[in-house]
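Have the model open and follow along.

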Amino acid sequence: MKKYLLATLALMAAPASAETVAITGGKVVIGDGSAPIENGTVVLRDGKVVAAGSGVSIPADARTVDATGRWVTPGIFAGFSRVGLSEIGGVSQTNDTSGGSSAYNASIDVVPAINPKASAIAVNRTAGVTRAVVAPSTGQNIFAGFGAIIDLGQDYEAVTKARAFQFVEFGESGAAEAGGSRSALYAEFRSMLAEAARYARAPASYDSDILTRSDAKALQDVINGRVRLIVHVERASDILQLIKLGREYPRIKLVMAGVSEGWLVADKIAASGIPVIASALNDLPESFESIAATQSNIGRMKRAGVNVAIGMINDWDQTQLRYSTQYAGNLVAIGKIPGASGLSWDEAFAAITSGPAKTLGIDGRIGSLRPGRVGDVVIWDGDPLELSSAPVMVMIDGVQQSLDNRQARLRERYRTPQEGALPKAYER
Amino acid sequence: MRIALLVPLLSIAMVGCAASSSDNEVQSSSVETGKKERIRFSDNPYPSTYKPYPSTATVITGATVYDGEGGRIDGGVVFLSGGKIVSVGGPDTAIPGDATVLDGTGKYITPGIIDVHSHLGNYPSPSVDAVSDGNEVTGPVTPDVWAEHGVWPQDPGFSRALANGGVTSLQILPGSANLFGGRSVTLKNVPARTTQAMKFPDAPYGLKMACGENPKRVYGSRRQKPGSRMGNLALNRQTWAKAVEYKRRWDKYADEGGSAPARNIGMDTLKAALEGKIKIHNHCYRADEMATVIDMAKEFGYTVSAFHHAVESYKIADLLRDNGICSAMWADWWGFKLEAYDGIPENAALVENAGACAIIHSDDEDQIQRLNQEAAKALADGRRMGLDISDATAIQWITYNAAKALGIEERTGSLKAGKMADVVLWNGNPLSVYSRPEKVWVDGALLYDANDPVRRPVSDFELGQPGEGDVK
């Protein structure tokens, strides 16, 4: 009951702009893989982290938030999602994840479709998720378009970084998009990139049957490495083929997503230097490209030196980014099982904060409480990876956020199911 | 006189007094019963051939015990022998001399976890058309199909549910494309060559029904009935009316003889449901639709055992309590379709708080591996809104209450003397994200041991493949 009251107070006190805040007395987790700091202080100013740790001086003008007995961490960064692109996945009118039958593919950009007021944004913000990778789904060919990095704040300014990456399907999905085989997928990939290069040489006269003008233009930043290319790939042999393909296109900055069989070829992934946003708990041969899936995958890749973080590709990626903490906690749990490889708590927490940021080269800007990072801070009522814990305060860019959402409103309306003097519709 | 009394309750089998589950000899010939000949046939033509594996008398001492019925014992002693639970008690419980003693200090014991809603085997891994056998999507009314005839026992998901989730029993249901999806089957989570060798002995069958979006979408898109929720109800009622008539004809035949009614395999199932012998498991998300189904059940004289995916149970928890219907729920799934839009994470806790029967189910090959965690989240969300619910009650959501909905609560689902020794020893509190099963016993047989790679099942499908026998 006390916790509930606290959450309500936090909700009512939410100010609109970034303030100077000092959060004191809590167990501070920086999020970069370092150990938690007892009785630490986090200072935010102008929407950024100024300092975090012990022995941090508190500015005179700071509002002080007492976090004694609580955990203070960077906000969770969902390493792969499609949040904000749909209100209800199964209601097609609200679902902007895929261009469907559109003629446009690589040139699709998720930004205009992102709805900061999508219910899932508030629901996941309430659970401590403050940033997310938002990727489109494929439509008519292997390229899905440009994804973005967004915040889950309550205002309309959601986009942290537009055109943060291009997304492409390899493996079984890519093969299907390319007409039916992995070989066709490779032919399609190479010929599309060749067409894009031809476009670059003579844009005015460009005409192509296999790659529209706008898609050819879109791929320029992929080819020249200004925009990363996230590739969905699962099977070990597909991973190795992708690494080889990467050598053909040395300027392309590859990132792999999914990677269920990564552990089988972890040393080769590590040697390639390609970062990985992996599914945490896939442990079934859900397809023939994930026969060797195991929850030890991330731990084993980590031990092999792979730059690996947690993402939720095709796993409730529109609604349940809040599973990130549970997934990270599970990777700590399996570390205790003989023969399994998990993550340490510090590694696991980094895998859902600075980790995804690192795979996308933006860890200098978001994902941890190191100085200069965005002021995304969550105060939790307990260990953030534990199932019983929840945020009591969420800040995004230094602005305290509402912890209200549709679910909370429904909960309060139906605290007792029976009607009172008036129908339920009057209770709010 | 016997007949006169029992007619309303008679099943097909009882017409000939044949084929109880333990005596499942198929009898299709006519025999003399009194002066009249009766056609008889087995109500159990595909019987369980499950046999418990050998077990060792085992005592676990010093563990925290959640008994599955809301009880908790600290420093508890659990004694398993002969495939049964012999005793469960506190630290002073006598320890038999001839049993293997395991020190459970710092560990936790629960009954084997039960998933009331699974598609392992009929939507198995790998998820490809060749083994997608969970929906007979050729018509909206298919009570004639049986889930067990589409369950592939080599689904690797069974082993994951055992090792990671401590699941020892589970109900495999047909999918929700159809209004009447068919018969479910309850299984022991023991790897086997045949599905029959997994069947929970003498467990009642279930009948899967589905409300809402799925049937009307699947058939409406074919310009076929049902294309609306109205059509759903109309076809449901039409079907139940036929079933009532079918039952009446067979009851009359049992009573008076004459020419035997034509047998209808689907109607056999509905007749048994009307007789209370088959449990009704009704996929139904919305509160208003559940209320309608409750009255439809009254109209035709059956009872609903559980509403599944009941994301709006919290809106009518009082009604569900008053009608004695369980709600099988996810902890926090919501928003993937419109009828799931109002799902809230406090649903299970609110149902519990109202005094209704709450169950956490999976419907998922991943979440079946962590129903304990799902229950823990649902518990935490309830407490956060101020509801006073014990840890032991949350365990009941995934053990005894699930067993009750399946009609197997006298046999498993809690740690009571004489029940099946379906037991999980956890390496920590099962309501913590950091805990996993350490040992799992089914009917007293140790079938998973985290410390022993030999006690880790590998399905035929995974044999000889990359990652064979790995920890998963």
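Strand β10 of chain A is mostly covered, with six of its six residues buried (20 or more other C-beta atoms within 10 Å of a residue's own, C-beta atoms being placed from the backbone). A:R228, A:I230 and A:H232 point one way from β10(A), while A:L229, A:V231 and A:V233 point the other way. In a regular strand, side chains alternate between the two faces of the sheet.

A word on the source: this is a predicted model, where local features need pLDDT of at least 70, side-chain atom pairs count only at pLDDT 80 or more, and totals for chains, interfaces and linings use all residues. Residues are numbered from 1 along each chain as its sequence is written, and chains are lettered from A and ligands numbered from 1 in the order in which they are written.

Strands here are DSSP runs of E with at least two residues, and helices are runs of H or I with at least four, numbered from the N terminus. Two strands pair if DSSP finds at least two bridges between them.

| Strand pair | Sense | Bridges |
|---|---|---|
| β9(A) and β10(A) | parallel | five bridges |
| β10(A) and β11(A) | parallel | five bridges |
| β11(A) and β12(A) | parallel | three bridges |

As for partners, A:F167 bridges to A:I230 in β10(A), A:L229 to A:L254 in β11(A), and A:M256 stands opposite A:V276 in β12(A).

Zooming out, the open sheet has eight strands in the order β6-β7-β8-β9-β10-β11-β12-β13 (chain A), with mixed pairing. Its edge strands, β6 (76-81) and β13 (308-310) of chain A, each pair on one side only.

Technical notes. A residue is buried if 20 or more other C-beta atoms lie within 10 Å of its own, exposed if 12 or fewer, and partly exposed in between; C-beta atoms are placed from the backbone.
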